[in-house]
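Here is a quick walk through one protein chain, written for someone who would rather look at the model than at a table. Keep the viewer open as you read.

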Amino acid sequence: MYYKISRVISHLAGLFGCFTAIYLLCNEFPSTEVTLDYQGVIIGILALLVTLLLAWNIYNAIGVEQRVTEALSKQEKHDIDKDRAFNDLKNEVKSMIADYQASTSEQINQIKERAESAEQAYIMLFNAIQGQVGTLDGAKDYLQRYMHYQTALLALLQCKHFPSDIRHNIQVLLEMMENAIDTRAKDIENHLTVNDIISEEDKKEFIQDMEEISRSTRTEFSFEDRRRFLLVAEKVKTILEKKSLDSCLEPVS
């Protein structure tokens, strides 16, 4: 804005000076004859100088305007490049933060899954040991032992991270469950005392665990393992139904 005003003022001042010089020369040295004298030469030289001055000012004004336009274009381009570089850097930082958050979230989920698997593995080992302790003690509460093995099997199937020998553990638990129920049947045939006491609340939870195991989609829990489990589970359900019927038929004291 300041540049434009100063340029207009300079042009007006030049024109005013030119007109003033011509006016003063004409009044001071009037001439009625058209001759070539020193006055005409001086006036011609002055007119030429004024013309050159005006042309030079116009040339400078155009040049300055071009230089200013180029400078503004370069500055604008520089600002655009700077903004583009800043946006690229900002997007890169956002991408790095997003990748870090995703990686951290995945690591946290893996840690949680491993912690849950470790907890399920502890439950499996604890219940398997409880069942084995009953076997070593010669206890006759076969359903309680079976419940321990079944809880261990359910915990094993819920482990997302477990050693590669998981199939061996499944087969060992199924074998223990079969032995517990088959041993009960043999003891009944031999008229030995069998203690199959189980509450109604435990019975409901027991059956729910059976159904959850039978619906397991774990690839290590093969079709043969599932069939084997269901066969033993049917024997257990028969025992539970018989115990409920026996409790109903007991005489009221």
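A patch, as the word is used here, is made of residues with over 30% relative accessible area and no salt bridge, and nonpolar side chains are joined into one when they lie within 5 Å. Bear in mind that this is a predicted model.

With that in hand, look at Ile-42, Ile-45, Leu-46, Leu-48, Leu-49 and Leu-52: these residues form a nonpolar patch on the surface, and together they have about 540 Å² of accessible area. One of them, Leu-49, sits in helix H2. Leu-49 has a relative accessible area of 48%, so it counts as partly exposed. In soluble globular proteins, nonpolar side chains tend to be buried together.

## The overall build

Of the 253 residues in the chain, 22% are buried. The chain exposes about 18,500 Å², with carbon and sulfur atoms supplying 61% of that area. As for who touches whom, take the contacts with a separation of 6 or more: 76% of them are between residues 24 or more positions apart.

## The nonpolar core

Now for the inside. The largest nonpolar core has 29 residues, and the ones with the most contacts inside it are Tyr-146, Leu-153, Leu-173, Phe-206, Phe-229 and Val-236. H3 gives the most, with 10 residues.

Phe-229 is a handy one to click on. Setting aside neighbours within four places in sequence, Phe-229 is in contact with Tyr-146, Gln-150, Leu-153, Leu-174, Met-177, Met-210, Ile-213, Ser-214 and Phe-221. Tyr-146 and Leu-153 turn up again here, having already been named among the core residues with the most contacts.

## Salt bridges

How many salt bridges does the structure hold? There are 6, and three of them are worth a look.

Start with Asp-187 and Lys-140, whose side chains meet in a salt bridge at 3.3 Å, N to O. This pair ties together distant parts of the chain: Asp-187 is in helix H4 (residues 166-189), while Lys-140 is in the loop between helix H2 (38-137) and helix H3 (142-157), 47 residues apart. Are the two partners buried or exposed? Asp-187 has a relative accessible area of 8%, so it is buried, whereas Lys-140, at 32%, is partly exposed.

Next come Arg-228 and Glu-178, with a salt bridge between their side chains at 3.0 Å, N to O. Here too the pair links distant parts of the chain, with Arg-228 in helix H6 (residues 223-249) and Glu-178 in helix H4, 50 residues apart. Arg-228 counts as partly exposed because its relative accessibility is 23%, and Glu-178 is also partly exposed at 23%.

Arg-227 and Glu-224 both lie in helix H6, 3 residues apart, which is about one turn of the helix. Their side chains meet in a salt bridge at 2.6 Å, N to O. With 37% relative accessibility, Arg-227 counts as partly exposed, and Glu-224 is partly exposed with a relative accessible area of 41%.

Conventions: Residues are numbered from 1 along each chain as its sequence is written. This is a predicted model: local features need pLDDT of at least 70, side-chain atom pairs count only at pLDDT 80 or more; totals for chains, interfaces and linings use all residues. Side-chain values use heavy atoms; hydrogens and water are left out. A salt bridge is a side-chain nitrogen of Lys or Arg within 4 Å of a carboxyl oxygen of Asp or Glu. Helices (H or I, at least four residues) and strands (E, at least two) are DSSP runs, numbered from the N terminus. Buried means under 20% relative accessible area, exposed over 50%, partly exposed in between (1.4 Å probe, protein chains only). Contact means heavy atoms within 4.5 Å. Accessible areas come from the Shrake-Rupley method with a 1.4 Å probe; for residues, only the protein chains shown count as cover. Patches are made of residues with over 30% relative accessible area and no salt bridge: like charges are joined within 9 Å, nonpolar side chains (Val, Leu, Ile, Met, Phe, Trp, Tyr) within 5 Å. A nonpolar core is a set of buried Ala, Val, Leu, Ile, Met, Phe, Trp, Tyr and Cys residues joined through side-chain atoms within 4.5 Å.
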